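Good morning, and thank you for the time on today's agenda. I would like to take you through one structure and then leave it open for discussion.

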Amino acid sequence: MYKVLITDPLSDLGIQKLLMDPEVEVVRKTNLSFDELLLEIESADALLVRSQTQVTAEVIEKAARLKVIGRAGVGVDNIDITAATKKGIIVVNAPDGNTISTAEHTFAMMIALARNIPQAYRSTIQGEWKRKQFVGVELKGKTLSIIGLGRIGGELAKRAKVFQMDVVAYDPYLTEQRAKKLGVKKASFEEAIAIGDFITVHTPLTKTTRHLINQDVFTQMKPGVRILNCARGGIIDEDALYEAIQSGKVAGAALDVFVTEPPGEHPLFSLPQVIATPHLGASTVEAQENVAIDVSEEVLHILHKQPFKNAVNLPSIPEELQAKLQPYQGLAEKLGQFAAQVVQGALEKITVTFAGEVAQWDIAPLTRTILKGALSCHLSDVNDVNAPHLAKHRGIQIIEQKSTKNYGFTQLIKVEIKTDQEQRSVAGTLLNGLGPRITKVDNYSIDISPDGHLLFIQHQDRPGAIGRVGSVLGKYDINIATMQVGREEIGGQAIMLLHIDKGLTSDILQELQQVEGIYSVKEIAL
Ligand SMILES: NC(=O)c1ccc[n+]([C@@H]2O[C@H](COP(=O)([O-])OP(=O)(O)OC[C@H]3O[C@@H](n4cnc5c(N)ncnc54)[C@H](O)[C@@H]3O)[C@@H](O)[C@H]2O)c1
Ligand SMILES: O=C(O)CC[C@@H](O)C(=O)O
């Protein structure tokens with residue numbers, strides 16, 4: 001049974017799939033104190049949050065069984081991604097479900113700002129009739145500068161075009177093609193800042209976007225500019241915004257998000273030019289249902305070990321590529337496990353080479369799986385998420401390469417491991433109808449399926465060696481299921497790779513080591 005802990009309000013309809021899964025127990029507890037959260041998280045397999053719950057390193061540290069953190073929304077700045085990654089916890093979000101709602105909210109804020117609607121409402125219901133005081137501006141013909149033309153920025157641009165605004169956008173990843181498709185002028189940051197009558201930010205909050213709009217940037221703006229932030233508090237320096245409004249440079253600001261939420265009695269609220277909403281961008285029935293459905297499905301996929309797509313701490317893999325790579329995942333993991341068990345000493349470098357059909361694709365996910373296989377022989381709780389981090393942390397160098405060399409197979413994956421004592425390699429392929437096979441260990445060609453208990457023996461190629469190994473195993477009632485022998489030259493070094501039906505005790509291993517003509521014996525569990 002998986003415990004799915006939900007600590008922020010999520011749409012009832014949206015989490016139906018979770019509620020209906022017989023293997024899932026849904027525990028909904030909102031407004032938990034920090035200590036209560038620490039207590040609940042200990043036994044949770046999945047945690048679902050919106051933006052309120054702060055999933056700090058301390059919370060993650062306490063989570064003994066947590067496999068996935070699901071964010072019902074886009075921004076994951078309330079989750080310590082580094083701490084989750086270190087612990088091998090997958091973080092997924094629901095990036096698409098609230099795009100339209102947030103774009104619409106931003107647009108509503110822009111109109112409200114242009115026409116002083118909140119201020120006029122407040123005055124009118126107090127019995128005043130101040131028509132002169134609330135003269136606004138039209139959107140038509142004005143320039144809207146969008147900083148961050150992603151999903152929300154893009155939808156906002158479409159709406160602004162319908163209102164006959166000139167839309168310019170700055171986004172480091174904006175292509176001419178996308179700008180053209182949206183009817184937007186691609187600009188530099190400086191240009192976008194200098195020409196905007198309305199400037200709106202739609203970037204995530206990161207180290208580079210914190211205070212992206214600061215005191216210096218305000219000085220470069222047009223006098224009378226109007227500012228919007230429906231993305232994240234902190235992208236705009238709140239103190240600098242206060243100054244810019246006070247000085248008259250900025251005519252007004254519409255804010256849905258704040259550095260601290262709730263902001264309490266914020267100095268900006270003393271300025272009549274500021275309008276505000278309490279982080280309502282995604283607060284529509286539709287968006288809340290969408291994000292809850294999306295994140296619930298992702299969490300279920302992860303708990304049931306099925307493919308998922310919106311992991312924040314794993315590069316996303318297009319479905320088509322995922323389908324192509326899937327058959328290779330098992331082989332990749334086994335090769336990593338085999339290579340790590342066949343070597344002696346501390347891992348220093350892992351080189352993975354892909355040849356044939358597989359080399360035509362993005363093979364980074366397979367490299368991660370190989371790494372997971374190799375590291376899991378020595379470390380606990382290794383998965384695709386934390387494997388690269390764990391390798392880096394231990395100073396293990398990872399080299400990934402593609403080869404056009406003909407290895408005699410339609411596709412081949414080779415794993416070379418260098419330790420402080422030796423360097424060895426193992427290669428494998430997928431054979432039609434037979435599945436994964438190990439085809440080479442060091443320079444010895446073999447053909448064995450990578451599963452179960454294996455014995456890897458290095459010996460001298462002399463009559464009797466195989467028989468003597470068989471006698472020792474027979475003495476202890478250990479059945480040999482399959483056996484492969486490889487040699488470089490007659491009478492030289494050779495290897496035996498045996499499938500045995502059960503594992504060996506250290507005494508039997510030692511006895512095998514003493515057999516005449518045997519150089520080394522390694523037991524490999526796959
Ligand atoms: N107010 C709300 O309720 C609400 C709702 C949803 C999303 N959001 C916020 O809106 C943000 C954007 O959401 P989205 O779905 O459009 O994300 P997105 O990832 O589709 O778009 C973000 C864009 O910002 C661009 N970007 C990154 N750094 C930049 C920089 N320094 N300068 C300019 N552009 C930069 C990226 O290239 C990307 O195109 C989210 O990160 C989230 O914090 C708020
Ligand atoms: O949960 C919310 O309502 C806010 C969501 C929004 O900020 C997001 O980043 O998706």
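I will take the ligand sites, then the strands, and finally some backbone features.

Please keep in mind throughout that this is a predicted model.

Let me begin with ligand 1. Which residues come nearest to it? Of the 32 residues around ligand 1, these are Gly75, Gly148, Gly150, Pro204 and Gly281. Sorted by class, the shell consists of 14 nonpolar, 14 polar and four charged residues. Two helices, α5 (99–115) and α7 (151–162), each provide at least two residues of this shell. The most comes from α7, which contributes three residues. As for where the ligand sits, domain 1 (2–95 + 286–303) and domain 2 (99–276) both give residues to the shell, so ligand 1 lies between them.

Ligand 2 has around it Arg50, Ser51, Gly73, Val74, Gly75, Asn98, His279, Gly281, Ala282 and Ser283. Its shell, by class, comprises two nonpolar, seven polar and one charged residues.

I turn now to strand β6, residues 143–147. Five of its five residues are buried, so the strand is largely enclosed by the rest of the structure. Both faces are covered: Thr143, Ser145 and Ile147 are buried on one side, and Leu144 and Ile146 on the other. What are the partners of this strand? With β7 (residues 166–170), β6 runs parallel and is joined by five bridges. In that pairing, Leu144 is opposite Val167 of β7. The chain passes from β6 through α7 to β7, and this β-α-β crossover is right-handed.

The UniProt record, an unreviewed entry, annotates residues 454–526 as "domain: ACT". Over that range the chain is 27% helix and 42% strand, and the end C-alpha atoms are 8 Å apart.

To finish, some backbone features. Most residues other than glycine have a negative phi, and most peptide bonds are trans. The bond between Glu261 and Pro262 is cis, with omega about -5 degrees; Pro262 is placed in the loop between β11 (250–255) and β12 (274–276). His211, in the loop between β9 and α10 (215–219), has a positive phi near 55 degrees. His279, in the loop between β12 and α12 (285–303), has a positive phi near 50 degrees.

Are these two histidines buried or exposed? His211 is partly exposed, because 16 other C-beta atoms lie within 10 Å. His279 is buried, because 21 do, and the cut-off for buried is 20 or more.

How values were computed. Residues numbered from 1 in each chain as written. Chains lettered and ligands numbered in written order. Predicted model: local features only at pLDDT ≥ 70, side-chain atom pairs only at ≥ 80, totals over all residues. Near = placed C-beta within 6 Å. Helix = DSSP H or I, 4+ residues; strand = E, 2+ residues; numbered from the N terminus. Nonpolar A, V, L, I, M, F, W, Y, C, P; charged D, E, K, R; others polar. Domains from an automatic or database assignment. Buried ≥ 20, exposed ≤ 12 C-beta atoms within 10 Å, placed from the backbone. Pairing = 2+ DSSP bridges. Right-handed = clockwise from strand over helix to strand, strands pointing away. UniProt positions renumbered as here; feature names shortened; annotations may be inferred.
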